[in-house]
Amino acid sequence: MKNVTIIMAFFLLLLLLIGCGAVTNDIEVEHDVTEPPPEVIELKSPEIIVEDDCPENNDGETLPARFTARMFDNVWESANMEHSRFQTVEDFNSQADYYISVISEFVLRENWYEQYSDTPSIEFLLRDRISHVAEQGNRIYVNLNKAGFEHDLAPIAHEITHVIVKSSHDRTVSLDEGLASFMQERFGKNPTVHTWGIDAHMLAKMFFINYEDDYSSVFSVIGSGDSQEDRYMSGEFHLRQIFYVLSHSFTKYLIETYGIDDFMKLHASRDDLLDDYHVLYGKSYEEIKSEWHSVVESSPGMTLEEYDNHLEELFDRHNWPFGS
Ligand SMILES: [Zn+2]
């Protein structure tokens, strides 16, 4: 039973995977979950990947003031919201605005929109693909996985974080994904993929105990800026899940121990990331990693069976058909 449920969970994860969600002026990386990822992930492509079927404001609505989030009625009406937390599209828009406000304040980027050309707007779309962010001119599209949205498992706060804090793509994706996942945990009203409402340190310990070799491989590159990070983030599913959880756990450790200010400076590092650990924290990268690992080791932890039960209960609670 345990294995069956875990397999079901993995199928769910494949459907709900959050993408890298990197919205920047020159990259976006995502992968169709039905296809194996390429062996080498090119993160520095100069082209902007834009959906070619983004809807226009076809009902004549004009977008509200800058950086206000908006899902249009036709998008909302395309979803079955029977199991959603939102009663109306206005409920959704107001919660998305709340996320923009609290996340931008927390990460010290209240003027985040100035990094975009003109006056940006954020539009939410629902798609049968992994959640991700795309940018087109002064319009930013947050594409949420439709099934996840319908079952209240969409990473709304996570993707909004990617809009507010652009990718540090030439540095370390673990800090990007860690921050987005940490914001989802801190401000999100719903659990989402990879941690499922479980404390990230606790889940990291679960991986450490049950999959020590995989854990160690991923652990070695977290926060390093090594190109191997990109391979874990976009590659084989099991390692990708560990990558997201460890990124989340590491970011959580840095922010909760040393503060958001230094974390944002580290995230913005463009010179020598590993040296910047020492500059910012007065300790080497290795020392910081060791401190973090001690925190993971001393966290309560959970067994595979408890993890399995948690997922089963979660899917039931969210009326997910695979979990019933
Ligand atoms: Zn992401």
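Modeller: Two residues are taken to be in contact if their C-beta atoms, placed from the backbone, lie within 7 Å. This is a predicted model, in which local features need pLDDT of at least 70 and side-chain atom pairs count only at pLDDT 80 or more, while totals for chains, interfaces and linings use all residues. Residues are numbered from 1 along each chain as its sequence is written.

Colleague: Leaving aside neighbours within four places in sequence, which residues is Val142 in contact with?

Modeller: With those neighbours set aside, Val142 is in contact with Ile122, Phe124, Val133, Glu159, Ile160 and Val163.

Colleague: How should I read the strands, and in what order do the four strands of the open sheet lie?

Modeller: In general, the strands of a sheet pair through backbone hydrogen bonds, either parallel or antiparallel. Here strands (E, at least two residues) and helices (H or I, at least four) are DSSP runs numbered from the N terminus, and two strands pair if DSSP finds at least two bridges between them. The open sheet has the order S1-S2-S4-S3 with mixed pairing, and its edge strands, S1 (69-70) and S3, each pair on one side only. S2 (residues 121-127) runs parallel to S4 and is joined to it by seven bridges, with Leu125 opposite Asn143. S3 (residues 132-136) pairs with S4 in the antiparallel sense over five bridges; Val133 has Val142 as its bridge partner, and Glu135 stands opposite Ile140. Two residues separate S3 and S4 in their hairpin, where Gly137 in the turn has a positive phi of about 55 degrees.

Colleague: Is S4 (residues 139-145) mostly covered or mostly uncovered?

Modeller: Six of the seven residues of S4 are buried, so the strand is mostly covered, where buried means that 20 or more other C-beta atoms lie within 10 Å of a residue's own.

Colleague: Which residues touch the most other members of the largest nonpolar core?

Modeller: As a general idea, nonpolar side chains in soluble globular proteins tend to be buried together. A nonpolar core is a set of buried Ala, Val, Leu, Ile, Met, Phe, Trp, Tyr and Cys residues joined through C-beta atoms within 7 Å. In the largest one, of 67 residues, they are Val142, Ile160, Val218 and Leu246, and helix H10 gives the most to this core, with nine residues.

Colleague: At roughly what angle do the axes of H10 and H11 cross?

Modeller: Axes are lines fitted to C-alpha atoms, for helices over the stretch in contact, and angles run from 0 to 180 degrees between N-to-C directions. The axes of H10 (residues 237-258) and H11 (residues 260-267) come within 7 Å and cross at roughly 135 degrees. Leu254, Ile255 and Tyr258 of H10 make the contact with Ile260, Asp262 and Phe263 of H11.

Key: Buried ≥ 20, exposed ≤ 12 C-beta atoms within 10 Å, placed from the backbone.
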